[in-house]
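Please keep the model open while reading these notes. They go through the sheet, the helices and the charged side chains in turn.

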Amino acid sequence: MKNYEIVLMFSVGEDSLTDQTVEKYKSVITENGGSIDRHEDWGPLKMAYDINNENKARYILINFKADTTVIDQLNELIKFNDHILRHLIINTKLPQTEPSFMNKDQLKSAS
């Protein structure tokens with residue numbers, strides 16, 4: 001199994017649909033023998049440029065271990081989801097379990 005990181009950018013305003021989609025993707029990973037190392041919801045953030053006439057997106061980060069078949073399944077699910085504006089899946093050398101820089105920044109602003 002390899003380590004992966006996925007960042008998903010969802011349309012803002014579809015919070016319940018976003019949550020359902022994220023739970024579906026997490027279940028695809030775990031049901032196929034993978035494991036979730038980290039899951040972060042960065043909330044709505046301003047984008048550098050408009051996508052589909054939207055200037056904000058809700059960012060979700062998931063780090064996980066899985067086989068390449070899981071990546072293929074996730075790509076198929078993402079391809080047919082109209083609420084995902086952009087996504088990025090990368091291979092990582094080591095599992096990422098510590099809070100990300102984005103999450104640490106949000107924790108400071110919440111205090």
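1. Strands β1 and β4 pair in the antiparallel sense over eight bridges. Two strands count as paired if DSSP finds at least two bridges between them; strands are DSSP runs of E with at least two residues, helices are runs of H or I with at least four, and both are numbered from the N terminus. L8 stands opposite H87 in β4. This is a predicted model, in which local features need pLDDT of at least 70 and side-chain atom pairs count only at pLDDT 80 or more, while totals for chains, interfaces and linings use all residues. Residues are numbered from 1 along each chain as its sequence is written, and side-chain values use heavy atoms, leaving out hydrogens and water.

2. The open sheet has four strands in the order β2-β3-β1-β4, with antiparallel pairing. β2 (35-51) and β4 (84-92) are at the edges with a single partner strand each, so one side of each has no neighbour in the sheet.

3. Helix α1 (residues 15-31) lies across β1, β2, β3 (54-66) and β4, and runs at about 20 degrees to β3. Helix α2 (residues 68-79) packs on the sheet and touches β1, β3 and β4; its direction makes about 170 degrees with that of β4. Contact means heavy atoms within 4.5 Å; axes are lines fitted to C-alpha atoms, for helices over the stretch in contact, and angles run from 0 to 180 degrees between N-to-C directions.

4. Leaving aside residues up to four places away in sequence, S11 touches T18, E54, H83 and L85.

5. The whole structure holds seven salt bridges, each a side-chain nitrogen of Lys or Arg within 4 Å of a carboxyl oxygen of Asp or Glu. One of them joins the side chains of D15 and R58 (3.3 Å, N to O). D15 is in helix α1 and R58 in strand β3, 43 residues apart. R58 is buried at 9% relative accessible area, whereas D15 is partly exposed at 44%.

6. R58 also meets D19 in a salt bridge (2.9 Å, N to O). R58 lies in strand β3 and D19 in helix α1, so this pair ties together parts 39 residues apart in sequence.

Key: Buried < 20%, exposed > 50% of the residue type's maximum accessible area, 1.4 Å probe, protein only.
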